[in-house]
Amino acid sequence: MLTAQRAVLPLRVFLALLFGILVLFQTMSLPGQFAHMAREDPDMAYLRWPATAVTVFWVLCVQVVIVCTWKLLTLVKNDRIFSEASLGWVDAIVWAIAAAWAVLVGVFLYVGFHADDPGLPLLLFLLVTGVTALGLLMVVMRALLRQATTLRTDMEAVI
């Protein structure tokens, strides 16, 4: 457990850095990129605001995962990860991934039905597959956390 304790601080540093970069993307880079694309290709300009909204939403989902991970790290640091409190944070991660997945599937279907070449639909299919695997992995991890929490609670009751 000492190794996990040592990993908490560097992980928090990188999570904070990642969160800050995502805020920058959310507020400046993504809206600016889609505005530029609308100017360069007026035929596709109608996609500017939907594309901005969708990508900002995906970034928001990642930010929710970062905040929940931060809270889980606090529970690890305080040796309280195997408690009911941790399950709520893991649930929030699962729901954020599920929300991002649902929007991603919608984008995949829209692009798939309107695409002229298979490149973007294949890329989106890869992303859908990856996010599906990540979401299912989190469901399994939540079940394992639930089992470990129950075992720890049972052991504490015996002792």
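A residue is called buried under 20% relative accessible area, exposed over 50% and partly exposed in between, with a 1.4 Å probe and protein chains only. Phe-125, at 46% relative accessibility, therefore counts as partly exposed. The model is predicted, so local features need pLDDT of at least 70 and side-chain atom pairs count only at pLDDT 80 or more, while totals for chains, interfaces and linings use all residues. Residues are numbered from 1 along each chain as its sequence is written, and side-chain values use heavy atoms, with hydrogens and water left out.

Helices are DSSP runs (H or I, at least four residues), numbered from the N terminus. Helix 1 covers residues 2-40 and contains Gly-20. Gly-20 counts as partly exposed because its relative accessibility is 37%. Between Gly-20 and Leu-47 there are 27 residues in sequence and 26 Å in space, C-alpha to C-alpha.

Helix 3 runs over residues 84-114. Buried residues of helix 3 are Ser-86, Leu-87, Val-90, Ile-93, Val-94, Ala-96, Ile-97, Ala-100, Leu-104 and Val-111. The cover over these buried residues includes helix 2 and helix 4. An α-helix has 3.6 residues a turn, so residues three or four places apart point the same way.

Leaving aside residues up to four places away in sequence, Ser-86 touches Leu-72, Leu-75, Ile-81 and Leu-145. With the same exclusion of residues up to four places away, Ile-93 touches Val-65, Cys-68, Thr-69, Leu-72 and Met-138.

A nonpolar core is a set of buried Ala, Val, Leu, Ile, Met, Phe, Trp, Tyr and Cys residues joined through side-chain atoms within 4.5 Å. The largest such core has 20 residues. Leu-72, Ile-81, Val-90, Ile-93, Met-138 and Leu-145 touch the most other members. Helix 1, helix 2, helix 3 and helix 4 each supply at least two residues of this core. Helix 2 gives the most, with seven residues.

Charged pairs were then considered. A salt bridge is a side-chain nitrogen of Lys or Arg within 4 Å of a carboxyl oxygen of Asp or Glu. The count comes to four salt bridges. One of them joins Asp-79 and Arg-152, with the closest N and O atoms 3.4 Å apart. Asp-79 lies in the loop between helix 2 (48-77) and helix 3, and Arg-152 lies in helix 4 (residues 119-158), so the pair ties together parts that are 73 residues apart in sequence. Asp-79 is partly exposed, at 40% relative accessibility. Arg-152 is also partly exposed, at 26%.

Arg-152 forms a salt bridge with Glu-156 as well, the closest N and O atoms being 3.5 Å apart. Because Arg-152 and Glu-156 are four residues apart in helix 4, about one helical turn separates them. Glu-156 is exposed, with a relative accessible area of 53%.

Another salt bridge is formed by Arg-146 and Glu-84, whose closest N and O atoms are 3.0 Å apart. This pair links distant parts of the chain, with Arg-146 in helix 4 and Glu-84 in helix 3, 62 residues apart. Arg-146 is partly exposed, at 32% relative accessibility. Glu-84 counts as exposed, at 52%.

Aromatic rings were paired by geometry. Rings of Phe, Tyr and Trp (its six-membered ring) pair if their centres lie within 6.5 Å; planes under 30 degrees apart count as stacked, over 60 as edge-to-face and the rest as tilted. The count comes to one aromatic pair. Phe-108 and Phe-125 form this tilted pair, with 5.9 Å centre to centre and 40 degrees between the planes. Phe-108 lies in helix 3 and Phe-125 in helix 4, so the pair ties together parts that are 17 residues apart in sequence. Phe-108 is partly exposed, at 22% relative accessibility.

Terms used: Contact = heavy atoms within 4.5 Å.
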